[in-house]
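Biologist: I am new to this model. Please take one part and look closely at how its charged side chains pair up.

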Amino acid sequence: MRKLLRSDEVVVRVRRDIADGVYQPGDALPEPEDLAAELGVLTKAVAAAYQRLAEDGVLLEDLLTPGVVVADPELDPTVRSLVHAVAAMRRHLEQLDRRLGDLTERVDTMGRSERESRPQAQRGQTHLY
């Protein structure tokens, strides 16, 4: 039998915690960094486990704050689909916001560079009157 991946161990642990009542529907799970430190695994393993649990319908992305919450098993599948769609849109908007910030910074840098080079060019010009 193959050795379990670390993310598999996290999936088992989170499912067990939910079954044991440690987490109830609507409860936020720890940030991946915090749970990774607690379990002694990589943050990527926790993030992968959360992703898999979300795909299985066990977890939902919190629409109001970053993070994941335990899904209500009674939640209508249509509502669950809408929550996933809204979360995906939020991630996409966050990516666009980062890209816009990068572009704004590049434009500002180019503007500063142009303003700094303009006085040097003007000093080098001689006027014939």
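Modeller: Asp17 is buried, at 10% relative accessible area. Buried means under 20%, exposed over 50%, and partly exposed in between, with a 1.4 Å probe and protein chains only. This is a predicted model: local features need pLDDT of at least 70, side-chain atom pairs count only at pLDDT 80 or more, and totals for chains, interfaces and linings use all residues. Residues are numbered from 1 along each chain as its sequence is written, and side-chain values use heavy atoms, without hydrogens and water.

Asp17 meets Arg13 in a salt bridge, 3.1 Å from N to O. That term means a side-chain nitrogen of Lys or Arg within 4 Å of a carboxyl oxygen of Asp or Glu. The two residues sit four apart in helix H1, so about one helical turn separates them. Helices are DSSP runs (H or I, at least four residues), strands likewise (E, at least two), numbered from the N terminus. Arg13 is partly exposed, at 23%.

Arg52 forms a salt bridge with Asp8, with the closest N and O atoms 2.9 Å apart. Arg52 lies in H3 and Asp8 in H1, so the pair ties together parts 44 residues apart in sequence. Asp8 is buried at 12%, while Arg52 is partly exposed at 29%.

Arg15 bridges to Asp56, also with closest N and O atoms 2.9 Å apart. Arg15 belongs to H1 and Asp56 to the loop between H3 and strand S1 (59-61), so this pair links parts 41 residues apart in sequence. Shared partners also join Arg13, Asp17 and Glu38 into one salt-bridge network.
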